[in-house]
Amino acid sequence: MKYCYMPGCSLHSTSREYDLSGRAVCRKLGIDLVELDDWNCCGADAVSPKNRMLMYALNARNLAIAEKMGLDIVTFCASCFYNLKKANFDLRENPELRDKTNKALEKIGMTYKGKVEVKHLLEVLVNDFGLEKIKKRLAIPLKGLKVITYYGCLLTKHPETRIDDPENPEIMDVILEEIGAEVLPFSNYKTDCCGGPALPFRDDITLKLSADILKAAKKVGPNLIVTACPLCQISLETRQKAVEREYGFQTNIPVVYFTQLVGLALGIPADELGMKMHLISPIPIVTEIFSKK
Amino acid sequence: MLSINSDDYSFIERIIKVTDGTIRTCFQCGKCTSGCPTSSVMDVSPRKLAIMSLLGLKDRVLSSHALWVCVSCRTCTSRCPRGVKIDELMDYLKHLAIIEGYTPPEKGALLFYDSFTKNILKYGRVFEPEIMLKIRVKTGFKGLKDDVMLSISLLRKGRIRVTPEKIRGIDEIRILFKELEGCEDI
């Protein structure tokens, strides 16, 4: 099982723990990841308003490199996933767009034929690898750990790119249940927007939207919030102090990536999963759960 | 009394094309607006933007402040009972507003798109601290203190790069930018 891995800019900076833990999990399971050679930024949501064709060209360059490597792409980052999959969909569906994009790619000696599939790691684990096989490799089931899953928008909303139901996705829930965690009901908020995209320029919007989610989370009372998106993670983790200041309620709930919990359950040491890299540490609760065994 | 000129007509044709014709089936139920996480801070709701665009009210649509608080979450499209690609409409309106020089009341969004894109041209990948600093400098240093505090916390945890990462094929990125410069649409 071999894929071309596109980390994306966030996973080389603010979400390094996602990169570390995701790669560690794949290594442990024998899923071979070859980094997409010399990948470029997917453009996030910032390039398209400036120049829509450029957005397609940037993603087509990454797709063309993967095609040359003869592998499908896997991403952990929800934004890279959305942009690559959307570009791939449109380039395949629209021959006029593909020709125009390839005309630009020709200038750099590349071409994209449309042969690459773009997958998120959640899909790879559940659909390609299989939950049964994950279960067989469990070293430390996370019994007693109560979590809620938060998916955000980029993996779930767009009809052409979504990996699961837009209102009540379960793909992350089933993995977490498989590794022994208890997934508490959070369906009304699972895919509500955290406001992350507005963080650089209207953080009041991010604060309000993240506050709504955190308030609902607090009511449910999980040990951890589990996510699969760098922007969701950073919004929910870093806004908690500001939420307390502006909205007057305290949460202090660690926000981790699903890969970190899968890694722990597979017996990978916490250090190798970036568990110490959080601003709100998940270490105390994880230690508590493990010490009960 | 509304009058529609030929420019407005070509605008209508464009928005029909970018939404694959789906915008014509909008029956104004408002599900896009009720699901929109930022509609409460919009001056014109997504539902209204849809009908106003269809009516060719280009100037009013492009002047709308709503375009700059849309967070591109795509809930509108996801929940539309008619399959209207309203997110494609929003994307296109933002793009058109920028290329036609409609400056948003809040500079932040535009500055973000601008410095982010320039960062890709410079490195092929983004270097967040540089982007944020550019925005703060141009918006009166508002929020800079919080940024610095957060950056220090993240730095301590090894979650911020201190130097940008430049790709080997940066010349290829430059060529793509040059090739598609001023490209008004897909």
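The secondary structure of chain B comprises 10 helices and zero strands. Read from the N terminus, the elements of chain B follow the order α-α-α-α-α-α-α-α-α-α. The model described here is predicted. Along the principal axes, the C-alpha atoms of chain B occupy a box of roughly 55 × 40 × 30 Å. Chain B has 186 residues, of which 40% count as buried. When contacts in chain B between residues at least 6 apart in sequence are considered, 66% link residues at least 24 apart.

To the contact between them, domain 1 of chain A contributes 25 residues and domain 2 of chain A contributes 26 residues. On the side of domain 1 of chain A that touches domain 2 of chain A, the elements giving two or more residues are α1 (16–29) and α4 (78–93) of chain A. The largest share of this side, 10 residues, is provided by α1(A). In terms of residue class, this side of domain 1 of chain A consists of 12 nonpolar, seven polar and six charged residues.

A helix pair in chain A was examined in terms of its axes. Helix α3 (residues 52–69) of chain A and helix α5 (residues 95–106) of chain A have axes that come within 9 Å and cross at roughly 70°. At this angle, α3(A) is therefore roughly perpendicular to α5(A). From α3(A), the residues A:M53, A:Y56, A:A57, A:A60, A:R61 and A:A64 meet A:L97, A:K100, A:T101, A:A104 and A:L105 of α5(A). The residues of this contact of α3(A) with α5(A) comprise eight nonpolar, one polar and two charged.

Chain A also contains an open sheet of four strands, arranged in the order β6-β5-β7-β8 with parallel pairing. Strands β6 (182–183) and β8 (255–257) of chain A stand at the edges with a single partner strand each, so one side of each lacks a neighbour in the sheet. Strand β5 (residues 146–150) of chain A is joined to β6(A) by two bridges, and these strands run parallel. Within this pairing, A:V147 has A:V183 in β6(A) as its bridge partner. Helix α9 (residues 230–238) of chain A lies across β5, β7 (224–227) and β8 of chain A and runs at about 160° to β8(A).

The contact between the two chains takes 47 residues from chain A and 52 residues from chain B. On the side of chain A that touches chain B, at least two residues are supplied by each of α2 (47–50), α3, α5 and α8 (203–220) of chain A. Helix α3(A) accounts for the largest share of this side, with seven residues. Classified by residue type, the side of chain A that touches chain B has 26 nonpolar, 10 polar and 11 charged residues.

Conventions: Residues numbered from 1 in each chain as written. Chains lettered and ligands numbered in written order. Predicted model: local features only at pLDDT ≥ 70, side-chain atom pairs only at ≥ 80, totals over all residues. Axes fitted to C-alpha atoms, helices over the stretch in contact; angles between N-to-C directions. Parallel < 35°, antiparallel > 145°, perpendicular 65-115°, else oblique. Contact = placed C-beta atoms within 7 Å. Nonpolar A, V, L, I, M, F, W, Y, C, P; charged D, E, K, R; others polar. Buried ≥ 20, exposed ≤ 12 C-beta atoms within 10 Å, placed from the backbone. Pairing = 2+ DSSP bridges.
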